[in-house]
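Work through the exercises below with the sequence and the model at hand. Try each task before reading its solution.

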Amino acid sequence: MNDNSAQGIIQLMSAESGNLLPLLIEHLPIGVAMLDTDMRYLVANPRWYVDYGLPEKSVIGRSHFDVFPDPSGYWQDIHGRCLNGEVLRNDEQRYVLANGTVIWLRWDLIPWRQADDQIGGIMSFTQIITEQVEARQALENQRGLIDAVLENIDDGIIACDADANVTLVNRATRDLLGLGTADEWPETWRQKFPLFHADGTTPMAGKDIPLARALRGEVVKDTEMIIATAGRDPVFTQSDARPLVGAAGENLGAVAVMHNVSDLREREAILRREATRLRNAERVGGTGSWEWDARTGMVHWSDGARRILGLPAEEGIDFFETLNLVHPDDRQEVQDFLLDALDNKDSYVHEYRGMRPDGTVHDVRSRGEVERDASGKGIKIIGTLLDVTEYNQIGRSLAMKAEQLSRAELIGLSGTWERDLNTGHAVWSDGMAALLGTTADPETMARAQPGDFIHPEDRDEVVSTIEDASQTGDDFEIDCRIVRTDEAVRYVQFRGGFIKDARGKPFRLAGAMHDVTDLKEQEIELQALTERYRLASEVSKTATWELWPEERRILSDENLPRLFGAAAESDEFDDWLGRVDLAGQQAIDQQLEDVVAGRLDTLDMTVRAQRVDGTPIWLAPFGRAIRDEGALRIVGTVRDVTAEVTVQRQLEQKQQELTEYAEELKRSNADLEQFAYVSSHDLKAPLRGIDSLASWIEEDLGDALQGEPATNLALLRTRIRRLEDLLESLLQYSRAGRRQGSAEMVDTEKILRDTIDLLGLPETFSVSIEPPIPQVYADPVALRQIFSNLIGNAVKHHDQAAGVISISAARKSGMIEFTVADDGPGVPERFRERVFEMFRTLKPRDELEASGMGLAIVRKTIERSGGTIRIQGSDSVRGVAFVFTWPHHGDENLTTG
C-alpha cells in the first residue's frame, strides 16, 4: 500500500459520510493539524490559525519547523518520538511565540497510520489555556496572601469543614493553646486543652464550643471560655463564630475567631479589688468621692459620699439637683463657689452645711480639683467629701470653754497648737505632738514653731499663706506635707487663724493639723485606677458611651473620638451618627426606635463608618437599655472590628473565586467528554460503509480474489474491526463514571462470581475469592466492568496456558481496597503508569488484538467514584497485582457479602 493509502481511505470516509470528518475538524473548539512524516502540513482547522495568529491556509504544504522555528531541537525530538509510534500528551506547557508572546498549551500528539499500518504522520491537537493558567497562578498568589494574613493576625482563627475536620489553625491560635509551629493538630485536642465556661470551673461540652455551634448554623458572638493548657496559666478568651456558607447555600464548615482577653480580665479583677479597697477606705475613714461633668451637668457619687449625703444607690443626679443637698442659706454661695472654681481654680477646699433628704443638717468639707480641656476650659471637677459635723460640734462646744479650742476645732482635731505673738511662746496639744512624732519636753516644744516640721518643698507656701492671713486677719487653710521626727512624710490639712484682743489687734496665732494621708493615698489610687481603665479601653479599641435616645444626647469616654480620629468630643448623638454610612444609620435608628417602643432591650449590630481623615472603619456598637422611673437611657460600648470584617470578606471573596474556578473546570471536562462521545459515535457509520464496500468487493471477485489482493483485503477488514473496537472503547471511555442515580448497596462477592461466569475463562485458569468481601455503595454495572477488565486482562496477557488469579478486599483509611493479582509475566515498572493511557498496549496489535482502552476506562471509572488504582509487583518476580480503592460511604455496620 503506497503513501497515499491513508489519505485515500480518509477521502473515502469523507465521501461515504457526506464530508463529516472535514466538517468535524473544521468546527472543533481546539486547534487541530495533520502533518506527514516530513512534518509538512496536510490539514489545519480554522482554530489552529486563530490560536497562533497565522493567515488562513498559510501553512498547507509547508514544513512545521518553517512555521514554528525550533532552535533548541526540543520539539523535533517530541515529534520524532511520535513518528516512532508514541502517543504524547502535556496538560500544561509554556510556549513562546515568534513575536515573544508567552502562552500556555495543552497538547496531544497522536501518530496516524496508513492502511498498511505504517505511520503516515502526526495528528496534533492543541488548546490555548493561558487564561486558565494565569487565573490559577493569580489564585495561588491570592491564597498565599490570605494565608499570610491569617497567620500573622493577632486574633486566633480556627476553621473546620462540614465534616468537623479542622482545616485552619493560625499562629495566634497555636499561641493560645501553647503549640509550637512543628506540633501537629492533635486528634484528641480537647483532652490536651480542656475548655471551661467563663466561671472557670464548669467544663465546656463539645457541643457548646463556639466552632461546634457555628457548624450547626448558629452565629456566635462574644462567648467567653477558658483554655486550661497543662503547664501554663489559664487563658481567658472571647470568641465569635459563624457558619461558612457557599454561594449556593451549601454548608462549607465554620470559622471561629478567638480574642485573648486574659490581660483585660486581670485588669478588671484589679479594678474590682481597687474599687473594693476604695469603698472600704471611704467607709472606715468616713470619707467619699464625687465627680461633676460640667458638659453633661451630671454628678456621680461614690458609696462613701452617698452615705455622707444620705443618698440612695442611684447612678447620678443633675448638678442643680445636687444643690438641693446644700442648706438653703448656703446654696447660692456653694453654686457661685463651684462655678468660680471651674473657671479660675485648679483646686480648692470648701466647707458648707449640707441637708440630707430626711431634713437633717450636717457640716461637709469638700475638696476638689478642676480638669480642663486643651483650650484650658474647665470641664470636670473631681473631689472628696468629709463629714465634719462631729468635729464642728465638738469645736462649738469647746468654744464655750476656751477660744483656743474653738479655733482648733474648726476643721476637726488631730492636733492643735497656739503661739503668743508677743513672746513667741508656743503651746502644743498631745495630739499635735503625736502627729509630729515628738516626745520632747514642754520647754523645748515651747520654742518650736509649726514651720519647723513642714516639708522643705512646702515651707515657702505655708509661710506665705500665714503672712497673707496676718495682713487680712482672715483664717487660713492649706494642704501640705510634714516630716515627722522619725522622717516619715505625712499629708496634713493645716488650718489656723489669728485671735484678736478687744481692740481688734492680733495677739495669738492658733491652729490645727489634720492627718489626711489616707485620703490623699485614696485620691492617688483613684487617679491610677482611672488611668488603668483608660489604657484598657484604648488597647482593646473599645469606647464606652451613655445615650439618651429621646434627647439625641450622648456621653462617651475619650476613646470614642479616638476611634473616629476626631480632635474633640461632642455630646450631640447625630454628630457621631453622621459618620456612619446610610445603611448603618438606618439600622441604628430602627433599633433605637424599637428600644424606645419597648420592643428591644439591647442594641447589637455591625456598621460601616468613616474616620475624620476619610478612612473607612467597621464598628460594632452594643448597648443595653436602662429604664429608671420612665426615663430611658442606653449604656454600652462600641468596638473597632475592621480587622475581623476585612478577614471575613476576604474569605467570602476567595470562596466565590474557588467556586467559579470549579464550575469552569467542570464545563471544560464536559466539553472534552462530549467531544470523545461524538467522535466515537459519528465515525461508526462511515466505518460500516467501508466494511460493506470491502465485503462487496470480496463477493464480486469471488474465486478470482487470490494472492496479495486477498491478503490485503483481509488485512483491510481486520483493520476495520480494530477501528470499530477502538471507537467502541472510546465511546465507553467517554461514558465511564457518568452514570447518575444508579448507585446502590451491592453484594460485591456476587458481582465477582457473576462476572467470572460471564467471562467464560479457560478451564486451565482458576480464580479464587478470599473472604470477606465487603458490600459497597456503587453502580453495579460500573463495578462489574472494572472486575471484568482486570480479570480478562490477567488471562489475555498471561504468557502461559494455565494461571491463577486471586481477588481480596480490606478496609483502609475509610476506603475499601480491592486487589486483583495474577501469576503472569507482570508489568515492568517503567510501563506501570503508561498502561492506563488510552490506546496503550504492551504488545503489537498483530500479536494481541486489543484496543488499549480497557485500563483507561477502569481508571476513569474508579477515579470518578472517588477511588484510586495502582500496580504492585517487582520486575524480578513473576506476577502482578492491580490494587484499587472504593469509598465505603460510612458502611461500618454493613455485613460482608
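**Exercise 1: an aromatic cluster**

The model is predicted: local features need pLDDT of at least 70, side-chain atom pairs pLDDT 80 or more, while totals for chains, interfaces and linings use all residues. Numbering starts from 1 along each chain as its sequence is written, and side-chain values use heavy atoms, without hydrogens or water.

Task: classify the ring pairs of Y41 with W48 and of Y52 with F68.

Solution. 
1. Apply the rule: Phe, Tyr and Trp rings (six-membered ring for Trp) pair with centres within 6.5 Å; planes under 30 degrees apart are stacked, over 60 edge-to-face, the rest tilted. The count is 12 aromatic pairs.
2. Y41 and W48 have ring centres 6.0 Å apart and planes at 65°, so this pair is edge-to-face.
3. Y52 and F68 are also edge-to-face, at 5.2 Å centre to centre and 75° between planes.
4. Locate that pair: Y52 is in helix α3 (residues 46-52), and F68 is in the loop between α4 (64-67) and α5 (74-83), 16 residues apart. Helices are DSSP runs (H or I, at least four residues), numbered from the N terminus.
5. Y52 and F68 are both buried.
6. Ring pairs join Y41, W48, Y52 and F68 into a cluster.

**Exercise 2: a charge over a ring**

Task: which ring does R553 lie over?

Solution. R553 lies over the face of W548, 4.4 Å from the ring centre. The criterion is NZ of Lys or CZ of Arg within 6 Å of the ring centre and within 35 degrees of the ring normal.

Note on methods. Helices (H or I, at least four residues) and strands (E, at least two) are DSSP runs, numbered from the N terminus. Buried means under 20% relative accessible area, exposed over 50%, partly exposed in between (1.4 Å probe, protein chains only).
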